[in-house]
2 protein chains.
Amino acid sequence: MRYFLVLAEELHFWRTSEKVFMSQSSLSRQIQGLEEELGFKLLERDKRNVKLTEAGKFLQKRWRELLDDMDRAQTQAKKINMGSSGLISIAYPGSISSSFLPELLRTFTAEMPEMKMELVEPTDATNEKLLLDYHIDIAFSRDSVQHPALSSKKLYSEPVCLVVAENHWLNENTYHDFKSLENESFILSGLHHTTFFATLLRRIFTTYGFEPKTHVETDFGGLILNLVANGLGISILPYSFQFGSYTGVRFINLQEEVDLYVNWRKKDENEVIEKIIQHSEALGEKIKARIIL
Amino acid sequence: MRYFLVLAEELHFWRTSEKVFMSQSSLSRQIQGLEEELGFKLLERDKRNVKLTEAGKFLQKRWRELLDDMDRAQTQAKKINMGSSGLISIAYPGSISSSFLPELLRTFTAEMPEMKMELVEPTDATNEKLLLDYHIDIAFSRDSVQHPALSSKKLYSEPVCLVVAENHWLNENTYHDFKSLENESFILSGLHHTTFFATLLRRIFTTYGFEPKTHVETDFGGLILNLVANGLGISILPYSFQFGSYTGVRFINLQEEVDLYVNWRKKDENEVIEKIIQHSEALGEKIKARIIL
DNA sequence: CACCTCTAATCCGTTTTTTGCATTAATACA
DNA sequence: TGTATTAATGCAAAAAACGGATTAGAGGTG
């Protein structure tokens, strides 16, 4: 199967055989054997060209996923065998990268400096699947996951805020009605995405019955704040962004709130994960106390 | 790995070797080889007893899942190779088993009698994961799935209804306020579940500020209707239950609505699935027309 | 304590599978 | 027509898997 996956990329027996350090004849036989065992051809080949069959295309994709899962299972087992030390993988929404996450990492690396944490870039897979397939160990998210094999705990709720430049006409006193922002230029994080926060944004705008004028879209909150500070538009971000050390912007609370959840595998006899969750809860309480409505 | 999975069940080399049709010596070597490759022990064995290590327990569970996935991948590939004929697996919420589903199956088996359909019992895994792992091909559900590799389409919305016995004091005219049902005895489908419908039910009751008195809980809609007809209580069910041929009950529309979605893998070059989806949409329209608000 | 039983590991010869070299066969291209 | 390219095949060597017989250690029994 591993040979096949390389071959499916190369579509060339001889080049593939070099890549996997074996002779061309042996590779040819291996693929034949595999096809015989499966009962159908994975590749169409005349004497000159090689190309994947439909079934072959499917198995290329699926086997790569599954062999990755196999490798991860092995890694995970090794961790368990060694007393679950080493590496914790964490997925997170961009909106906590300026306040919650740095603080969590700071307190945690102070306590367990030998522990390595991997911050996983948000992909298109859901946190649920990532957890269940052992891609990650902990997921922070704006909505809770539902799967019965997973645990989910709300850490805190926070308002979402209008963010404007310091010299902008809007402030707590001049802001009365969301509808009055119809002519403002917005800088928003990926409205087209399927994330919970983007969905919330869409809901706000449909509730108030207008489409925001957006000239820039970016996912990186820090960049948004810079753009806002430079008078390029206004934005909507979770409250906790103001805990970051950004200057030149003003936050105005809105009615809407977002939550932050931690999610993890229910039975994962890894005390490090438990410790991180405890830390997260404590930190959640601290942040809760810092929010002024 | 397959040997290991049997051994992990039996915890006995000789019995295992018989089950997998090989000698005890060879099995012993295979397991040793596997452990050596992994770099850690899967089983603790003294001369008398065999038991799994923690890592072994984990891999037993995970490998079984993944080897199942491997088998399913192969089956799926074979289907693709043969032009995707054969078997379609469908997951569904219990609430469509009395109206939508039978009609769909009837029209479909009439058109393609050689096609086999498998109705998958709802498990604790989410439809999303079941689709992505090729456990099922189509999922009907009360909420749409979000994963970017999956398609989701709303078929219709229907009210949820109070269901009472024919001789019950409640009817369209006497019903005014949900709150007035506080003293009624309810027969409800698994309130404690995490299904979308159960969540809706909980939301209704929390909105109106009382806990329903429930003496019976069951998931089987048909049974609920029988119990209601026999005066054992009242219930709340989706509108379409009244398309079933039940007598002795009366339906009273409530404000709340539930949707029905079809969900499937986006790129699944199986024209049978597409056909089922088309049929479902058509049937959805038909049902929509039959709903009298 | 001597003896038997049970069971996983090990020794060793046999069988099966995998691999590589050399060659073949089929195709494309000049 | 001739040459280069490339997948398949014949064959022998190497590696891996396998089975029978035996060993080793633990537990039980009289």
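At what angle do the axes of helix H1 (residues 2-10) of chain A and helix H4 (residues 54-81) of chain A cross? In this predicted model, in which local features need pLDDT of at least 70, side-chain atom pairs count only at pLDDT 80 or more, and totals for chains, interfaces and linings use all residues, residues are numbered from 1 along each chain as its sequence is written. Chains are lettered from A and ligands numbered from 1 in the order in which they are written, and side-chain values use heavy atoms, with hydrogens and water left out.

The two axes cross at roughly 130° and come within 10 Å. Helices (H or I, at least four residues) are DSSP runs numbered from the N terminus, and axes are lines fitted to C-alpha atoms over the stretch in contact, with angles from 0 to 180 degrees between N-to-C directions. H1(A) and H4(A) are therefore oblique to each other, a class left over once angles under 35 degrees (roughly parallel), over 145 (roughly antiparallel) and 65 to 115 (roughly perpendicular) are set aside. Their crossing is left-handed, the near helix being turned anticlockwise from the far one by less than a right angle.

In chain B, the end C-alpha atoms of helix H4 (residues 54-81) are 40 Å apart, which agrees with the span of 40 Å that its 28 residues should have at 1.5 Å a residue; the expected span is 1.5 Å times one less than the number of residues. Just after H4(B), B:Gly83 takes a positive phi of about 80°.

DNA strand C has 22 residues around it, the nearest being A:Ser23, A:Gln30, B:Ser28, B:Arg45 and B:Arg48; a residue is near if one of its heavy atoms lies within 4 Å. Among the polar contacts (pairs of N or O atoms within 3.5 Å), a polar side-chain atom of B:Gln24 lies 3.0 Å from a base nitrogen of DNA strand C, and a polar backbone atom of B:Phe13 lies 3.2 Å from a phosphate oxygen. H3(B) gives the most to this surface, with five residues.

DNA strand D is surrounded by 21 residues, of which A:Ser25, A:Ser28, A:Arg45, A:Arg48 and B:Ser23 are the closest. A polar side-chain atom of A:Gln24 lies 3.0 Å from a base nitrogen of DNA strand D, while one of B:Gln30 is 3.0 Å from a phosphate oxygen. H3(A) contributes the most to the surface near DNA strand D, with five residues.

Technical notes: Polar contact = N/O pair within 3.5 Å; in protein donor to acceptor, adjacent residues only side chain to side chain. Helix = DSSP H or I, 4+ residues; strand = E, 2+ residues; numbered from the N terminus.
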